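Please open the structure in your viewer and keep the selection tool at hand. The tour moves from one selection to the next and says what is found at each stop.

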Amino acid sequence: MSPRSNASVKASIWTARFIPAFLVAIVVYSSWAVVDPLSINYLINPPRDDIPRRISAGIAIPIVYFVLLIPVAATWLRLLLVVLRDPGYIPRGPEEERRLSEPAPGIEQFWTRDVFVCDPNGMPIYCEYCKNWKPDRTHHSQDVARCTRKMDHFCPWVGGVVGERGFKFFVQFLFYTMILTCYLTVVFGYFISKYSHSVHFFVVLALAGFFLLFTTGMVINSLHMVFQNTTTIEGVSRRLYLAVILPPELQKDPLAPPPPAKLSPGDDNDSERPLTSELDDPSHVNYFTRQPRPPKRPQPPSSHSPARSKIWKATITYPLHLPIDRPPLPAPERRTFAILHTPPGLNPWNLGSGYRNFTAVFGYKVHEWLIPLKMSPCCDHSSRVSEFPLGPEFELLLVDAGLIRPESSDGKDRRSSSAPSRRRRRRLEPGWQNGERPDGWVSEKEARRIRNEWRRRTKMEKQVDVY
Ligand SMILES: [Zn+2]
């Protein structure tokens with residue numbers, strides 16, 4: 001990817017401003033066609049004597065049309081406002097060259113959380129164009145030369161980037177447009193069958209039919225992504241590196257973490273970047289605080305043991321100890337993270353049910369689903385656990401990495417416990433559950449379903465690659 005020239009960025013922004021104006025022109029024309037050729041000059045004042053005069057239809061049809069137009073206009077204006085002002089942009093970093101030996105400022109925003117997306121070395125992802133760190137699920141748009149959180153796509157129809165702040169309004173706009181164009185298609189389709197001498201009837205029918213097909217496809221596709229908690233960009237199955245804070249016992253036990261993985265030559269081989277297993281007390285650990293019950297007998301190494309986990313690539317301890325030529329600052333407490341490589345198809349932000357994923361974008365009340373006012377709950381990044389709430393697939397990743405052990409691994413225990421609800425309240429602690437984590441442990445059945453889903457996604461991706 002090469003940075004696009006300023007002229008090209010300007011051109012795409014200009015196109016994106018022009019197309020909304022074109023959309024407005026279409027709406028003005030359709031409104032006129034409904035009122036004048038259809039209602040006044042056909043239904044109320046029929047052009048021929050053999051056509052009956054239908055005054056009530058001539059009044060009702062435009063009224064219904066304008067009632068349906070109101071939510072289309074409202075959602076479109078709301079979306080436009082968000083897209084033009086701030087679709088979820090990440091601030092640009094300072095322009096001046098920073099010293100390569102030091103990480104850019106703001107890195108503590110990442111390692112003071114418990115989980116963040118990182119590169120193979122355990123560093124947050126850096127955007128060279130914006131000169132700033134990229135929070136989880138952020139993508140750099142070449143069209144507007146900015147990084148946007150949970151960017152979905154660059155949409156010329158609304159004049160900019162649809163990101164986390166605009167996606168709800170975008171889907172609402174599509175949905176209401178679908179209803180409006182469906183209405184126009186039916187109305188004009190019906191009257192063309194009665195009277196085919198007005199060219200405007202045909203033009204409106206063609207426009208409405210085209211936008212009906214277009215928006216229906218988009219609504220289905222967008223809702224599918226909402227229910228999966230993914231975006232157009234993330235939809236392409238890919239593997240991520242996640243830095244995950246180690247539980248307290250592993251932060252203390254120098255033998256537990258595996259040796260740092262050797263990076264392939266293609267990776268960034270900056271020797272100053274520590275790939276370290278230095279261990280210390282964590283400053284705070286939200287979801288590992290409850291110590292697991294001590295096993296009754298020494299357990300044989302299971303397939304989940306960290307040393308044998310293929311997805312646990314390395315560990316990294318923050319703050320980084322880089323060679324600096326100034327006196328050390330008072331050191332914050334160290335935090336050691338496991339660097340996990342997710343299996344193909346894993347979506348750590350899938351909250352486990354379509355409804356939970358839907359409310360993360362659309363809100364918890366029915367009126368929020370319909371009215372384009374409130375921002376999506378997923379725009380709140382105040383949690384110190386992670387930028388976005390994590391779901392059961394992430395839990396499964398922790399199990400596979402050997403960071404937590406599934407409760408059901410002890411067969412005897414399972415039989416003796418008669419209350420499944422008690423078994424469900426297990427190891428992960430409140431910080432994790434403060435709305436950040438859906439309730440319920442990943443059961444074996446659920447884990448099997450999730451793994452099958454990963455396999456299916458990977459297969460789909462391969463098929464896409466073939467074609
Ligand atoms: Zn960027």
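Which residues does Val-204 touch, not counting residues up to four places away in sequence? Select Val-204 and you will find that it touches Ser-30, Ala-33, Leu-184 and Phe-188, where two residues are in contact if their C-beta atoms, placed from the backbone, lie within 7 Å.

Before going further, note that this is a predicted model, in which local features need pLDDT of at least 70 and side-chain atom pairs count only at pLDDT 80 or more, while totals for chains, interfaces and linings use all residues. Residues are numbered from 1 along each chain as its sequence is written.

Stay with Val-204, which lies in helix H5; helices (H or I, at least four residues) and strands (E, at least two) are DSSP runs, numbered from the N terminus. Val-204 is buried, because 26 other C-beta atoms lie within 10 Å; a residue is called buried if 20 or more other C-beta atoms lie within 10 Å of its own, exposed if 12 or fewer, and partly exposed in between, with C-beta atoms placed from the backbone.

Next, select residues 6-44, which form helix H1, with 39 residues and a reach of 55 Å from its first C-alpha to its last, close to the 57 Å expected at 1.5 Å a residue (the expected span is 1.5 Å times one less than the number of residues). At Ala-33, H1 bends by about 30°, and Pro-37 follows within four residues; the bend is the angle between axes fitted to the seven residues ending there and the seven starting there. Buried residues of H1 include Ala-16, Ser-30 and Tyr-42, and what covers the buried residues of H1 includes helix H2 (55-85) and helix H4 (167-194).

Now show H1 and H5 together. Their contact is made by Ile-26, Ser-30, Ala-33 and Pro-37 of H1 and by His-200, Phe-201, Val-204 and Leu-207 of H5.

Two further stops are in loops. Arg-137, between strand E3 (132-134) and strand E4 (138-141), has a positive phi of about 65° although it is not a glycine, and it counts as buried because it has 24 C-beta neighbours inside 10 Å. Finally, select Asn-229, in the loop between H5 and helix H6 (232-235), where phi is positive at about 55° although the residue is not a glycine.
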